[in-house]
Amino acid sequence: DNSADAAAKGRVPRGERSHTSRLTEEKVRDIRSRLSVGETQASLAREFGVSSVCISYIHTRQTWKHVA
């Protein structure tokens with residue numbers, strides 16, 4: 001379908017290219033690094049102004065998959 005074709009060809013903005021994004025790739029790397037040393041999802045969510053669900057999705061790579 002048309003949406004799948006656009007995504008496959010890189011025409012759908014993802015990550016910080018999306019106009020609704022509050023995070024950058026650098027911030028996502030920082031979040032993942034801080035989670036790995038034991039910071040809580042709730043404290044990071046407050047600091048970065050996003051939901052704890054957003055932090056959880058970053059941690060489990062459900063979102064921001066393209067960021068190493």
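How are H2 and H3 oriented to each other, roughly parallel or roughly antiparallel? Keep in mind that this is a predicted model.

**Stop 1: H2 and H3**

Select residues 25-36, which form helix H2, and residues 41-48, which form helix H3. The two pack at an angle of about 155 degrees, and their axes are 10 Å apart. Angles over 145 degrees count as roughly antiparallel, so H2 and H3 are roughly antiparallel to each other. The crossing of H2 and H3 is right-handed.

Now show the side chains at this contact. On H2, pick Lys27, Asp30, Ile31, Arg34 and Leu35. On H3, pick Gln41, Leu44, Glu47 and Phe48. Coloured by class, the residues of the contact of H2 with H3 come out as four nonpolar, one polar and four charged.

**Stop 2: the loop between H2 and H3**

Select threonine 40, which lies in the loop between H2 and H3. Is threonine 40 buried or partly exposed? Its relative accessibility is 46%, so threonine 40 counts as partly exposed. Threonine 40 and serine 3 are 37 residues apart along the chain, and their C-alpha atoms are separated by 35 Å.

**Stop 3: the buried side of H3**

Return to H3 and select Leu44, Ala45 and Phe48, which are buried. Look down the axis of H3: these residues cover an arc of only 105 degrees around it, so they are on the same side of the helix. An α-helix has 3.6 residues a turn, so residues three or four places apart point the same way. What covers the buried residues of H3? The cover includes H2 and H4.

Step past the end of H3 to glycine 49, which follows the helix and has a positive phi, near 70 degrees.

**Stop 4: H2 and H4**

Finally, select helix H4, residues 52-59, together with H2. H2 and H4 pack at an angle of about 85 degrees, with their axes 10 Å apart. This angle makes H2 roughly perpendicular to H4.

Which residues make this contact? H2 contributes Val28, Ile31, Arg32 and Leu35, while H4 contributes Ile55, Ile58 and His59. By class, the contact of H2 with H4 holds five nonpolar, one polar and one charged residues. Ile31 and Leu35 of H2 are listed in the contact with H3 and also in the contact with H4.

Conventions:
Residues numbered from 1 in each chain as written. Predicted model: local features only at pLDDT ≥ 70, side-chain atom pairs only at ≥ 80, totals over all residues. Heavy atoms only, no water. Axes fitted to C-alpha atoms, helices over the stretch in contact; angles between N-to-C directions. Helix = DSSP H or I, 4+ residues; strand = E, 2+ residues; numbered from the N terminus. Parallel < 35°, antiparallel > 145°, perpendicular 65-115°, else oblique. Left-handed = near helix turned anticlockwise from the far one by under 90°. Contact = heavy atoms within 4.5 Å. Nonpolar A, V, L, I, M, F, W, Y, C, P; charged D, E, K, R; others polar. Buried < 20%, exposed > 50% of the residue type's maximum accessible area, 1.4 Å probe, protein only. Arc of directions from axis to C-beta.
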